[in-house]
Amino acid sequence: MKTNECSDIQPVLHEIAPVYDENSRILILGSFPSVKSRESGFFYGHPQNRFWKVLAGILDVPVPVTVDEKKKMLLGHHIAVWDVIASCRITGSSDSSIKDVVPNNFEKILSTAKIERICANGAAAWKLYEKYVKKAAGMEAVKLPSTSPANAAWSLERLIENWKEYIKSE
């Protein structure tokens, strides 16, 4: 009998609080924090992930470096960020290894903020949203190309151009 490579791995908990306030209008969702993000304690912590460069390029602001700068940029442009998964079994940072998903509860964000659009950062986040959250949230999500360094087929410029249609500065 072949064993699943994730079967011996303990579930990992999502310990990064969502970033949002009552003025948030766009919610960007990832799947689950990478190892680097879990180590840094904030979203998109891998230095090669292009998330912060993409948003800064769209919003025409300097690329934020500190967690405070990142939060200020997000909230200042009415953007909320969180992940679909609250806990799962995962090997490293590999979305394809995710098993035993427990989704986050989006009720507080959706009842506090007037979210007009939900955007999934990549196909994995979108598929997880569709499977675990969409019905409860009652909103469609837009699938955007991933800012992950694993998505090497997409240049920074191409990501900015694609994301720009859905993430606009107000």
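Predicted model: local features only at pLDDT ≥ 70, side-chain atom pairs only at ≥ 80, totals over all residues.
## Strand 2: an enclosed strand

Start with strand 2, residues 26-30. Five of its five residues are buried, so strand 2 is largely enclosed by the rest of the structure.

Which way do its residues point? Ile 26, Ile 28 and Gly 30 point one way, while Leu 27 and Leu 29 point the other way. Residues on both sides are buried. The general rule is that side chains in a regular strand alternate between the two faces of the sheet.

## Partners of strand 2

Strand 2 pairs with strand 3, which spans residues 79-83. The pairing is parallel and runs over five bridges. Strand 2 also pairs with strand 6, again in the parallel sense, over four bridges.

Ile 28 shows both pairings. It stands opposite Val 81 in strand 3. It also stands opposite Cys 119 in strand 6.

## Ser 31: a buried loop residue

Ser 31 lies in the loop between strand 2 and helix 1. Is this residue buried or exposed? The cut-off for buried is under 20% relative accessible area. Ser 31 has 7%, so it counts as buried.

What does Ser 31 touch, leaving aside residues up to four places away in sequence? Its contacts are Asp 83, Val 84, Ile 85, Asp 95, Ala 125 and Leu 128. Ala 125 and Leu 128 are also among the buried residues of helix 5.

## Helix 5: two sides

Helix 5 covers residues 123-132. Its buried residues are Ala 125, Leu 128 and Tyr 129. They cover an arc of only 100° around the axis, which puts them on the same side of helix 5. An α-helix has 3.6 residues a turn, so residues three or four places apart point the same way.

The face turned away from the buried side of helix 5 carries Lys 127 and Lys 131, both exposed. The buried residues of helix 5 pack against several elements, including strand 2, strand 4, strand 5 and helix 6.

Which residues of helix 7 (156-164) are buried? They are Leu 159, Ile 160 and Trp 163. These residues cover an arc of only 100° around the axis, so they sit on the same side of helix 7. On the other side, Glu 157 and Glu 161 are exposed.

The buried residues of helix 7 pack against strand 2, helix 2, strand 6 and strand 7. Strand 2 is also among the elements that the buried residues of helix 5 pack against.

Notes
Residues numbered from 1 in each chain as written. Heavy atoms only, no water. Buried < 20%, exposed > 50% of the residue type's maximum accessible area, 1.4 Å probe, protein only. Arc of directions from axis to C-beta. Contact = heavy atoms within 4.5 Å. Pairing = 2+ DSSP bridges.
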